[in-house]
Amino acid sequence: MTKFLKATNGIGNDNKIIAGKELVLPKIPIQDTGSYTGAFTQYFDLYNNKSYFSSTASLAAAIPTDPKSRDGKAFNEAKYFAYKLSGNDLDALISKISKPLFDKLYGHAITEVKDNKILEIDDIGAETDTLRTLETNQVKDSSIVAIVSKIPADYFEGYYVLDYFPGSTNHGKKVLDVISERFAQYGLDTIGKRIVPVPINYFQNQPSGLALLKLYYQINSSSYTDPDFENIPGMGLVLALEQLKESKYVDCEKCIPQGYLNVIFKHYYRLNPDLISSSFYVTLEEDVSPIYTQRAKTNLLTAVLNDPGEIENILNASQDTSRRSTAKQPLYNYVQKYPNAPVIMVGNRTGPGQFKGWHSKYGNNVTVLGQGTGWGTSTSTIQPKETGTSFATPDIGAQLYIAKAYWKQQGVPQNPYESRIRLLLATDIEPAFVGKFASGGAVNIKKLLQTGSGYIEKNSGEIVPITYDMGLIGFDDGTSKRLGRSFRVGDALTDASCGIARSGNDFYLFSENALLWHPIKMASIKIKISTGTDTIEINNKELFIENFKQLVLLKK
């Protein structure tokens with residue numbers, strides 16, 4: 001083909017194509033399958049000596065489809081020729097497109113047809129844990145109840161739970177049960193707290209699903225009579241899904257149109273809630289996560305997989321740069337963009353020092369551990385022996401949602417990145433989790449609800465609010481770091497450490513730049529703190545060991 005193109009168009013040995021000069025391209029016929037109604041365009045990749053097809057209905061409608069003939073051969077001179085192609089054939093062609101070409105086409109030609117593709121949802125899932133060691137504490141903690149019971153309902157600004165509603169497995173209902181049970185432990189109910197179930201099983205919720213798409217794309221009754229209706233954003237997707245009302249997908253609980261999946265993340269993120277959580281994935285090339293904005297306060301929570309292994313393995317599929325690989329979404333892009341995206345990935349703590357499911361090879365990419373087992377009673381939808389990261393996620397979500405509402409009441413600025421830092425700092429360190437999970441342990445709600453300059457945890461477990469002067473921590477190798485919060489110098493943040501924790505004689509440090517707890521060899525420490533009644537100078541590690549378990553600095 002390359003020889004033919006060069007000879008026909010007078011292209012020299014340097015293979016340069018002159019801008020503005022018309023190219024003569026051969027028409028390569030392909031059978032019209034009749035099984036897909038979208039229009040497709042033929043693309044020529046001269047570099048790779050291949051030809052590809054992708055969707056471009058609006059372009060195809062604007063050009064003539066009858067190719068010209070020259071010297072008895074079929075040609076399409078400097079034009080695109082439209083063909084119809086089945087969805088499966090399209091996938092097969094796309095899989096052969098080089099990654100650079102796919103990236104160039106994506107967002108223009110391919111997106112239109114991929115939005116109408118029906119994806120299969122894969123559950124994060126759950127299992128029965130016969131060896132579980134955690135139980136839900138049914139006794140209300142009076143000290144926490146006294147704090148959170150006074151939070152006005154208006155400060156709970158949205159927790160959207162993406163799951164099956166309804167569903168044959170009742171998975172979504174079980175997730176809501178965890179949230180309700182955690183709320184009840186703190187003397188709260190979920191009524192009026194804007195905890196909203198969002199169904200991912202589209203075909204069991206078609207009327208509400210179509211209504212959501214029309215709301216997102218601002219499509220109304222007049223859109224259908226608009227002369228230019230084919231070019232209205234989202235109109236093609238809505239029309240295609242309206243035709244699927246009586247299709248074979250009606251009974252498919254795990255089927256979701258890709259365009260609907262894209263919209264539910266973007267629509268609810270646009271509402272700027274406190275939280276959006278999910279515990280499922282689909283396998284596809286494109287990113288379904290929203291475009292993050294500086295003004296948003298939303299954290300996106302997701303359960304990691306229950307399979308053993310390291311979360312970084314999810315990125316291995318992208319190592320072959322010659323092909324556009326499929327990936328588990330939204331997990332893939334959450335990991336890829338972490339920590340620059342406001343996401344929180346949740347692992348499953350099944351007991352002291354015990355977990356099931358993914359962990360992080362580097363200790364940072366699985367954010368925190370939630371309690372994924374021991375929820376419910378013998379009469380509830382969720383059973384105490386059920387376990388999984390998808391039940392650990394609403395445990396973290398419930399605690400963070402309560403904390404965010406309380407922080408608003410106390411005037412703490414809302415920032416999803418600061419929320420994640422405070423969540424990571426508010427943990428009880430367990431050495432077995434350090435190096436596998438960024439939090440290094442389970443969340444302590446009493447720590448998470450602190451809103452002052454900082455706090456110190458005594459060996460007795462008492463948590464005392466403090467103010468502090470900047471301090472210094474020294475290490476065995478002779479280096480040192482500043483104790484305090486990071487601040488911006490030019491375009492960079494200073495590398496400060498805002499947390500010190502102890503387990504026995506072993507010390508752990510939390511640095512904002514690293515976003516994880518990690519072990520250190522501490523040689524010295526010097527910092528002055530005030531509890532309001534006492535001023536304490538911590539000037540050696542022996543004094544810290546004798547009196548304290550953890551020091552956390554929240555404000556500059």
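Which residues line the largest cavity? The legends below take up this and other local views of a predicted model.

**Figure 1. Overview of the predicted model.** The protein shown is a predicted model with 15 helices and 35 strands. Of its 556 residues, 51% count as buried. The accessible surface amounts to about 25100 Å², and carbon and sulfur atoms account for 50% of this area. When contacts between residues at least 6 apart in sequence are considered, 69% of them join residues at least 24 apart.

**Figure 2. Lining of the largest cavity.** The structure contains 1 cavity of 30 Å³ or more, and about 50 Å³ of space lies in the largest cavity. The lining consists of Tyr159, Val161, Leu162, Asp163, Val175, Ser277, Ser278, Ser279, Ser390, Thr393 and Pro394. At least two lining residues come from each of strand E9 (159–163), strand E12 (275–278) and helix H12 (389–409). Strand E9 supplies the largest share, with 4 residues. Sorted by class, the lining comprises 5 nonpolar, 5 polar and 1 charged residues.

**Figure 3. Buried side of helix H9.** Helix H9 spans residues 235–242, and within it Met235, Leu237, Val238 and Leu241 are buried. These residues lie on the same side of H9 because they cover an arc of only 165° around the axis. The elements covering the buried residues of H9 include helix H8 (206–217), strand E11 (255–257) and helix H10 (258–270).

**Figure 4. Surroundings of Leu241.** Leu241 is a residue of helix H9. Because its relative accessibility is 1%, Leu241 counts as buried. When neighbours within four places in sequence are set aside, Leu241 is in contact with Tyr202, Gln206, Leu210, Leu213 and Pro257. A further distance relates Leu241 to Gly259: the two residues are 18 apart in sequence, and their C-alpha atoms are 9.7 Å apart in space.

**Figure 5. Gln258 in helix H10.** Gln258 is located in helix H10, one of the elements that cover the buried residues of H9. With a relative accessibility of 2%, Gln258 counts as buried. Gln258 and Leu237 are separated by 21 residues in sequence and by 9.6 Å in space, C-alpha to C-alpha. Leu237 is itself among the buried residues of H9.

**Figure 6. Phe229 in the loop between H8 and H9.** The loop between H8 and H9 contains Phe229. This residue has a relative accessible area of 27% and is therefore partly exposed. Apart from residues up to four places away in sequence, Phe229 touches Ser223, Tyr224, Met235 and Leu239. Phe229 and Ile219 are 10 residues apart along the chain, and 9.9 Å separates their C-alpha atoms.

Figure 7. The peptide bond from Phe165 to Pro166 is cis, and its omega is near -15°. Pro166 belongs to the loop between E9 and helix H7 (171–185); strand E9 also contributes to the lining of the largest cavity. A cis peptide bond is likewise found from Tyr338 to Pro339, with omega near 5°. Pro339 is placed in the loop between helix H11 (331–337) and strand E17 (343–351).

Figure 8. Asn272 is a residue other than glycine with a positive phi, near 55°. Asn272 is situated in the loop between H10 and E12. Its relative accessible area is 24%, and Asn272 is therefore partly exposed. Leu515, although not a glycine, also has a positive phi, of about 55°. The loop that holds Leu515 runs between strand E31 (506–511) and strand E32 (516–520). Leu515 counts as buried because its relative accessibility is 10%, under the 20% limit for a buried residue.

Definitions and conventions. Residues numbered from 1 in each chain as written. Predicted model: local features only at pLDDT ≥ 70, side-chain atom pairs only at ≥ 80, totals over all residues. Heavy atoms only, no water. 1 Å grid on protein atoms, 1.4 Å probe; cavity = no way out; pocket = protein on both sides within 12 Å on 5 of 7 lines; lining within 4 Å. Points joined across faces, edges and corners; volume = space filled by probe spheres on them. Nonpolar A, V, L, I, M, F, W, Y, C, P; charged D, E, K, R; others polar. Buried < 20%, exposed > 50% of the residue type's maximum accessible area, 1.4 Å probe, protein only. Arc of directions from axis to C-beta. Contact = heavy atoms within 4.5 Å. Areas by Shrake-Rupley, 256 points an atom, 1.4 Å probe, with all protein chains shown as cover.
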